[in-house]
Amino acid sequence: MFNPRYTQGTIYPGTHPGLLTPDQQHAAILSVHNSPAIENGHISEHWKQQIAVATQSRAFSSPHQRAHNAAALARTSGMNAMNYNTRNGGAAYSGIGANASNALSGRLNSTTVSTTTSNSVGNNLTTASTVVTTTTTKPDDKNDSRQESRQDWTCLDLGGIGLRNVSTDLFKFSFLTELYINHNKLSRLPSEIGKLRNLVILDASGNNIKAIPPELGLLTELREVLLFDNMIAVIPPELGTLYQLKILGVEGNPLQDVYKSQLMETGTTGLITALRDGCPVIPPPPEREWEKLTSDNDDANEKSLMLTSDTEGSSVPKPNESNTNFKFTAMSYNILCERYATSTLYGYTPSWALAWSYRRDLIMQELAGYKADIICLQEVDVENFDTFFAPEMSIKGYKGVHFPKSRVRTMNELERRVVDGCATFFKTSKFFMHEKSIIEFNQAPSLRRQNIKLTSNMYNRVMTKDNISVMTMLESKETGHRLIVANCHIHWDPQFRDVKLMQVAMLMDELAQVATRFCSLPSKLPADYLKDSRPSYSDYTKIPVLICGDFNSVPGSGVLDFLSSGKVEQHHEDFMNNDYGDYTYNGKSHPFNLKSAYSETQELPFTNFTPGFSGTIDYIWYTNANLEATGLLKGVDRNYLSSIVGFPNAHFPSDHICLLAEFKVKQEKGPITNPKFSNDRK
């Protein structure tokens with residue numbers, strides 16, 4: 001996604017007085033700076049861009065020249081508190097002149113720090129700057145509001161001061177967005193530069209750098225990397241992840257012809273694409289570990305069950321006194337719909353790894369490998385459910401339920417085939433399915449049933465979003481225990497926190513209705529099976545419930561507060577001062593005692609991992625009164641994560657990771673009776 005911090009614009013009106021035309025520049029520097037030869041008197045537009053920007057870069061060779069220019073501009077224009085990006089209103093790259101002046105006309109925050117150096121022992125740079133930190137509230141990309149640290153300076157100009165080495169302490173300033181170390185005497189860029197994850201502009205031109213560190217590819221916020229006039233011959237393929245890069249300035253380097261030709265023909269964008277698709281695949285991470293949450297030894301004492309056949313021909317276990325400890329595993333996984341996996345949104349992913357033919361096989365490998373008893377998938381479109389997932393999962397012993405989003409109501413058959421929705425699969429050897437249903441949040445079912453007047457906010461905000469939840473009512477073939485599984489995908493936009501909260505509130509209302517109905521349905525087990533020990537449910541809250549899905553909500557949000565505490569106050573900030581009738585007049589509560597499966601060991605550090613966002617937004621909720629989490633699939637290896645920029649990639653087919661948990665049905669405690677003692681004395 002385009003970063004609003006980086007808006008293009010010229011700091012000087014008109015043409016820089018020292019600029020020549022691109023052809024004049026090329027003629028002047030061709031023999032000195034190893035530029036490509038002119039073919040038929042024509043220079044490619046892409047190389048003209050290189051020459052124009054390089055010429056201006058060479059004009060900034062004086063010590064701290066950009067910082068001095070920015071300070072002078074601030075004094076004359078009275079913009080001391082404004083940064084460069086605010087002063088220059090958003091002109092994107094639109095030509096060579098714009099590129100050159102935008103890239104190099106002294107673009108710096110007026111509070112830029114420049115540091116004078118004395119050549120200390122080893123010629124290492126030591127910066128001793130005071131960082132002023134204030135606190136501000138910034139909404140998170142996925143629906144979070146929390147206190148964050150803000151730096152009052154984010155640009156550092158160390159240009160033209162004769163540096164021979166750069167201290168690695170510099171790379172602790174992870175807040176930097178612009179770093180200028182041009183026209184020094186550096187022979188290398190330290191690999192620690194990969195820690196500057198917020199860097200937008202890097203200028204290291206006019207040094208003696210011989211190699212680009214592969215870690216530079218971790219800086220996905222980069223728009224400009226200027227490395228003019230160095231000794232670079234090879235561009236590492238790891239730079240292919242720099243999908244937002246507008247210019248890679250390498251004129252004046254002894255580049256190998258393969259890179260030079262690519263730049264001349266397709267420019268920076270074409271080169272980055274070629275590097276990305278040709279980059280070697282790193283080794284896969286270790287398998288995600290399984291964490292046992294209990295020391296229960298019941299499994300060792302369970303006897304094998306003999307199967308009998310019910311009236312429908314399905315296999316059911318033979319009655320067994322020990323068969324009351326019912327366990328099952330459940331998975332939740334947003335698989336990233338084929339239609340959403342575009343190079344625009346996931347430009348850091350190689351095209352072959354983004355292709356659906358590759359990703360779907362990797363997804364199926366995960367599903368088959370983990371062998372969960374219940375699988376809840378989000379972003380499954382109609383076409384792929386019908387032609388791929390349903391047939392493949394059927395072979396593996398699963399039955400599937402799928403409903404697409406509500407927009408299919410307005411579409412023809414061809415259009416509806418690409419609409420995504422939620423799909424729930426369960427093992428037919430383990431469960432009967434009683435009923436299935438869909439909750440369409442834009443129909444406001446719970447509000448209509450309660451005759452609650454629909455407000456304008458309800459019509460204009462909630463009912464314009466077509467998210468859904470799929471409900472399945474299952475019964476264990478082993479023990480007769482019942483289970484309700486809700487599979488949901490909540491609205492994504494952080495500007496609609498109120499919609500997220502309303503969707504989940506309606507979900508809980510509908511869940512109570514489904515559970516009430518389930519209580520009254522007869523069992524599908526044979527009449528004589530577990531006749532005396534079959535579970536009974538006098539109250540709908542006694543039925544175990546799983547709520548799986550992509551909630552697009554982080555810890556601390558109104559959605560999570562409501563689910564975990566069972567209530568939300570009428571003035572909760574996530575209602576955003578909107579009017580939702582009784583929900584915002586009296587607040588809202590639900591009767592289910594819910595707990596997040598991963599709260600047993602603290603939530604995962606992330607379930608969604610991209611360069612722009614990394615956080616937990618997927619959950620498996622369960623009713624703590626009648627279910628117990630006994631095991632969890634842990635997160636992804638941290639060492640592996642330190643070497644990549646985000647998912648999907650060659651090893652992870654979605655931008656989400658799957659969640660997997662094991663549960664055990666708690667045995668209901670019987671009433672305590674008073675003991676009777678006989679009196680033997682007469």
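The model is predicted: local features need pLDDT of at least 70, side-chain atom pairs count only at pLDDT 80 or more, and totals for chains, interfaces and linings use all residues. Residues are numbered from 1 along each chain as its sequence is written, and side-chain values use heavy atoms, with hydrogens and water left out. Helices (H or I, at least four residues) and strands (E, at least two) are DSSP runs numbered from the N terminus.

**Helix packing**

- Two packed helices are described by the angle between their axes and the distance between the axes.
- Helix α14 (residues 497-520) packs against helix α15 (residues 558-565) at an angle of about 25°, and the axes lie 8 Å apart (lines fitted to C-alpha atoms over the stretch in contact, with angles from 0 to 180 degrees between N-to-C directions).
- α14 and α15 are therefore roughly parallel to each other (angles under 35 degrees; over 145 is roughly antiparallel, 65 to 115 roughly perpendicular and the rest oblique).
- The crossing of α14 and α15 is right-handed (the near helix is turned clockwise from the far one by less than a right angle; anticlockwise is left-handed).
- Lys500, Leu501, Val504, Ala505 and Met508 of α14 make the contact with Gly558, Val559, Phe562 and Leu563 of α15 (heavy atoms within 4.5 Å).
- The contact of α14 with α15 has seven nonpolar, one polar and one charged residues (Ala, Val, Leu, Ile, Met, Phe, Trp, Tyr, Cys and Pro are nonpolar; Asp, Glu, Lys and Arg are charged; the others, Gly among them, are polar).
- Helix α9 (residues 356-370) and helix α10 (residues 382-395) cross at roughly 30°, their axes coming within 11 Å; α9 and α10 are therefore roughly parallel to each other.
- α9 passes α10 in a right-handed crossing.
- In this pair, Trp356, Arg360, Asp361, Ile363, Met364 and Leu367 of α9 meet Asn384, Phe388, Phe389, Glu392 and Met393 of α10, a contact of seven nonpolar, one polar and three charged residues.
- The axes of α2 and helix α6 (residues 257-278) come within 6 Å and cross at roughly 100°, and these helices are therefore roughly perpendicular to each other.
- His46, Trp47 and Gln50 of α2 make the contact with α6 residues including Lys260, Leu263 and Met264; by class, the contact has three nonpolar, five polar and two charged residues.

**Second largest pocket**

- The second largest pocket holds about 510 Å³ of space (the space filled by probe spheres set on grid points joined across faces, edges and corners).
- Of its 26 lining residues, Thr241, Cys279, Ile282, Ser643 and Ile644 are the closest to the centre of the second largest pocket (on a 1 Å grid over the protein atoms alone, a pocket is an open set of points where a 1.4 Å probe fits, with protein on both sides within 12 Å along at least five of seven lines; lining residues have an atom within 4 Å of a point).
- The lining comprises 15 nonpolar, eight polar and three charged residues.

**Backbone features**

- Most residues other than glycine have a negative phi, and most peptide bonds are trans.
- His64, in the loop between α2 (45-58) and α3 (65-77), has a positive phi near 50°.
- Phe647 and Pro648 are joined by a cis peptide bond with omega of about 0°; Pro648 lies in the loop between α17 (638-641) and β27 (659-665).
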